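The sequence and structure come first.

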Amino acid sequence: MLMQTSEDIATTARDAAAGPFDGQADISARLERLPVTRRVFWTRNIIGAATFFDGYTVIAIAYAMPVLVREWGLGPEQTGLILSMGYLGQLIGAVFFGWLAERIGRLSVLLFTILLFVSMDVACLFAWGAASMMVFRFIQGIGTGGEVPVASAYINEYIGSKGRGRFFLLYEVMFLLGLVGAGLIARALVPVYGWQAMFLVGLVPAAILIPFRFFMRESPRWLASKGRYEEADRIVSQLEASAVASGHSLEPPKPVATRTKTSSNWRELFSSFYRRRTFTIWAMWFCSYLVANGMITWLPTLYRQTFNLPLETSLLYGLLTSVAGVVASVACALLIDRVGRKRWYMIAFFAAPLPLLALAFLGATSPLEVLILAGLAYAILQTITFSLYLYSAELYPTRMRALGTGLGSAWLRLGSSTGPILVGVLMGSVGVQYVFATFAAVSLVGAVVTTLFAIETKGRVLEELSP
């Protein structure tokens, strides 16, 4: 049985389909019983490297801001706007590129988004004031906003239901490592070489990632959904042959019936079947990211401005908070297939307000107090924020997975852009403790929405979840 050829496997797959042949169901069923092949493993890692620099690019401005605030004489409102402009750009990128990926494919869109956010890294090097930095960060955000939701759809479409959460979330950890990498680089370079060093390092992906684009193949699920079965069949046959050559015995595929519809538009997101999912995931994106990114982008500047800590210490405290988020997220990646998506999100949304309310009650009067309690709340919420790409991709069918994920993640951009502006306004008017009280209230809203309306997706085939 281990000597099956890829041609034999493909024939068996076709024979296993009952009734009229359904290419999309066939491709899905064949992918569903595949182990993680070498090509899929390295595809995830290549995309993960791009996502690492996406995370780095998103947070780089937070580590540049303590220097820019003094160099350019910025007030809290200007600081908040600069931090928010990248997220506003991401909103447009998430929606537009999610739509475009449904029409021209995942890989072409991924290449363009990487080129866009790298080119704007060059532009940021020459920013001469707050207005120019806002413009460059806005355009850069369009690229970073498009990369992650499209990459998420792409990777999810290669993996079967068994272990999908762990495999995908270990990819998503690369985004968080990008946040940590930004902190390490900032602490080492910014005090010596200035804020421009953060954007110079961001040029790395152009040199090392783009050539790897030619190693990857288009999503076979997407190809099949567009009626391009022969192309999808060739890719899956190669994966099957690789699995057999590695000593795996493949079970006969078990197709799940799919709709014959090969295209979709944004209106289907609000159809009777998907409406509840759409509004629920939007609320979860918005609440979790408003709090998490509202904190992580402001904390280095908060330590520097409010507590007058040395620049190196401010950057170190911001780095420690990012590290706490990575540790918590790795634990989530290893456990979420066992615990379940909905249960994990409920626990996290209800737990995060506790340290935030403690900060509000204590008055956030010392940097160590903020480091411990805000860091704990951030780490808890980060397990939600980094895994919602997995959950969003599970809620929608292939014909609108990138679109649904992109539109959903647009709400994370709204939340992320609202967070820094909200912090700036509250700090300038009523004080920092009210920032943490507001964040606790937003997290509780997310907890209620998740409890009442979220569905469980662990261990279920994508086509079964979303017909």
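How do the residues of the lining of the largest cavity divide into nonpolar, polar and charged?

## Largest cavity

The model is predicted. In the lining of the largest cavity, 12 residues are nonpolar, 5 are polar and 3 are charged. The lining has 20 residues, and V58, F175, Y289, N293 and R413 are those nearest the centre of the cavity. Two or more lining residues come from each of α3 (38-72), α4 (76-104), α6 (130-156), α7 (164-193), α12 (275-305), α16 (367-385) and α18 (401-429). The greatest contribution is that of α7, with 4 residues.

The volume of this largest cavity is about 170 Å³. The model has 7 cavities of 30 Å³ or more.

## Nonpolar core

The largest nonpolar core comprises 142 residues. Within this core, the residues with the most contacts are M133, M198, I281, M295, V370 and F436.

For I281, one of these residues, the contacts beyond four places in sequence can be listed. I281 touches L388, Y391, S392, L395 and Y396, with neighbours within four places in sequence left aside.

## A buried aspartate

Helix α11 (residues 229-245) contains D233. Is D233 buried or exposed? The relative accessibility of D233 is 11%, under the 20% limit, so D233 counts as buried. The side chain of D233 is in polar contact with the side chain of R30, at 2.8 Å.

Technical notes. Residues numbered from 1 in each chain as written. Predicted model: local features only at pLDDT ≥ 70, side-chain atom pairs only at ≥ 80, totals over all residues. Heavy atoms only, no water. Core = buried A, V, L, I, M, F, W, Y, C linked by side-chain atoms within 4.5 Å. Buried < 20%, exposed > 50% of the residue type's maximum accessible area, 1.4 Å probe, protein only. Contact = heavy atoms within 4.5 Å. 1 Å grid on protein atoms, 1.4 Å probe; cavity = no way out; pocket = protein on both sides within 12 Å on 5 of 7 lines; lining within 4 Å. Points joined across faces, edges and corners; volume = space filled by probe spheres on them. Nonpolar A, V, L, I, M, F, W, Y, C, P; charged D, E, K, R; others polar. Polar contact = N/O pair within 3.5 Å; in protein donor to acceptor, adjacent residues only side chain to side chain.
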